[in-house]
Structures are given as C-alpha cells and as structure tokens.
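Subject: Structure handover

Hello,

Here is the structure for you to open. Please keep it on screen while you read my notes below.

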Amino acid sequence: MADLRYQWSPYLIHGKKIETGKHTTIYRQGDVGTGFYYLDKGSVKITLLSENGHERSIDYIPSGGLFGEHGAYKGSYLTSAITTAASVIYFFSDEVLSRICQDHPQAAVIFTNSQIYKLRLLAEIIAFTDSPIEQQMANFLLKLTAVHEDNNIPIDQTSFARYIDTSRITVNKILQKWRQQGLIELSERSAIRVMDLKGLRGIVKTDAT
C-alpha cells in the first residue's frame, strides 16, 4: 500500500473535490457504487459490518490513498467509509475513471493494484477472525505501520476494540502488557507508537503456529 500512496495525485484535476467535516459517511456497505475516492487531506476509517451485526473498524486510509475501489463500475461497496476528521476528498465517477485509464494506461495499473490490495485486506480480516486476540492486534498494528509508513499509529483503544470485536478492557490489558514489554508506547493523544516491530511479528507467528 505504501508504494501506491500519492500515485493517483496527477489525476486529481479530473476528480470532483469534496470537503467534509468529521463523522461524515462517504459511502455505506452494500450500496451500489458509481465510482471511488482519493483522500487528499484528513482521515477516513473503513468499517465492516459482520454477519452477526457487529461493526468492525478494519482500516484507516492515509492521505494520498484510494478507497472505495470496489464501488467502481456499479460494484457494491464491501465496506463503509467514515471521516474521523475534517477532510478533503476527490470523487472519481465511472465515466471519469474510464477516460483517465484510456488516456493514461499507467492509471489503470495504479487503480487495479490498489483494488487488489483492498480485496486482500478483506480476505486477511476474515482469515484472522477466529485467531487469538493478541495475534489479531499485533497483525493490525503491523499493517497500519506499513500503510502509514510511520510507527506512530493514530488509533484509540475504542477503535482497536471495534476492529477486534472485543471489549475495550481486553484491549487495554494487552496494550498495557505490551507497553511493559517495550513493544509499544501509549500516547495521551489517542495514538500508539510501535517500538519493536520484530517483537510484534513474533506474536503473530507464535500465535499462528
């Protein structure tokens, strides 16, 4: 995902600029799409409603990232997208996407690669559903550090609990243990700083065996 960030920026002149406030729903899971989006500024979280009715926060879009690709060409959105801060977003309709890809073949490669990444993400989330909680948490942190290209992850414990579909108390207990082990640091500004990537990878591999 890191390699895909900002690659779509040359095509922003063709998109429709949208300025939103915090807690704005960009699209809802199950809606039939008419295009996709690019996050220029701000923050967007991606949520997934499971079969049991629980909503899980499964991803956070970094600036320069595409989202909602599965809604292109009248596909159904597989997730929901909600802003977590005032944001500047660009919308690309199906017609605009076709025109861009026709005039710029490289754009089609960028879009397809991003779409593949999102589908793999969903598959990974489903695969980890029955895994131990610590493994799910460690895997999620590792993924977010790669996506944001930063060890400081803008996620609070409530959002973490929604991702795991467990209680905030359980998440806090594990995070406090990791803090004592030197794997992470906790910020008062609802952020987690990863201090030991190798240690988190070890948790994923150990719990997976």
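Serine 159 sits in helix H4 (residues 157-164). Helices here are DSSP runs of H or I with at least four residues, strands are runs of E with at least two, and both are numbered from the N terminus. Serine 159 is buried, with a relative accessible area of 10%. Buried means under 20% relative accessible area, exposed means over 50%, and partly exposed lies in between (1.4 Å probe, protein chains only). Serine 159 touches Ser57 and Tyr60, leaving aside residues up to four places away in sequence. Contact means heavy atoms within 4.5 Å. Aspartate 103 is 56 residues from serine 159 in sequence and 40 Å from it in space, C-alpha to C-alpha.

Some ground rules before you go on. This is a predicted model, where local features need pLDDT of at least 70 and side-chain atom pairs count only at pLDDT 80 or more, while totals for chains, interfaces and linings use all residues. Residues are numbered from 1 along each chain as its sequence is written, and side-chain values use heavy atoms, with hydrogens and water left out.

**Salt bridges**

Side chains of opposite charge can pair when their charged atoms come close. The structure holds 4 salt bridges. A salt bridge is a side-chain nitrogen of Lys or Arg within 4 Å of a carboxyl oxygen of Asp or Glu.

- Aspartate 59 and lysine 143 meet through their side chains at 3.4 Å, N to O. The pair links distant parts of the chain: aspartate 59 is in strand S5 (residues 55-61), lysine 143 is in helix H3, and they are 84 residues apart. Aspartate 59 counts as buried at 3% relative accessibility. Lysine 143 is buried too, with a relative accessible area of 10%.
- Glutamate 69 pairs with lysine 118, and their closest N and O atoms are 3.0 Å apart. Glutamate 69 lies in the loop between strand S6 (65-67) and strand S7 (80-83), and lysine 118 lies in helix H2 (residues 105-127), so the pair ties together parts 49 residues apart in sequence. Glutamate 69 is buried, at a relative accessible area of 1%. Lysine 118 is buried at 8%.
- Glutamate 134 and lysine 177 meet at 2.5 Å, N to O. This pair also links distant parts of the chain: glutamate 134 in helix H3 and lysine 177 in helix H5, 43 residues apart. Lysine 177 counts as partly exposed, at 33% relative accessibility.

Now look at lysine 45, in strand S4 (residues 44-49). Lysine 45 touches several residues beyond four places away in sequence, among them Ser57, Asp59, Tyr60 and Arg162.

**The cores**

The largest nonpolar core has 41 residues. Such a core is a set of buried Ala, Val, Leu, Ile, Met, Phe, Trp, Tyr and Cys residues joined through side-chain atoms within 4.5 Å. Phe67, Leu141, Phe160, Trp178 and Leu200 have the most contacts inside the largest core. Helix H3 (residues 133-148) gives the largest share of this core, 6 residues. A second, separate core of 17 residues includes Tyr11, Leu12, Tyr90 and Leu97.

**Helix H5**

How far apart are the end C-alpha atoms of helix H5 (residues 168-180)? They are 18 Å apart, which agrees with the 18 Å that its 13 residues should span at 1.5 Å a residue. The expected span is 1.5 Å times one less than the number of residues. The buried residues of H5 are Val171, Ile174, Leu175 and Trp178. They cover an arc of only 100 degrees around the axis, which puts them on the same side of H5. The arc is that of the directions from the helix axis to the C-beta atoms. The face of H5 turned away from its buried side carries the exposed residues Ile169, Lys173 and Gln180.

**One last stop**

Histidine 23 is not a glycine, yet its phi is positive, about 65 degrees. Histidine 23 is in the loop between strand S1 (16-20) and strand S2 (25-27).

Best wishes
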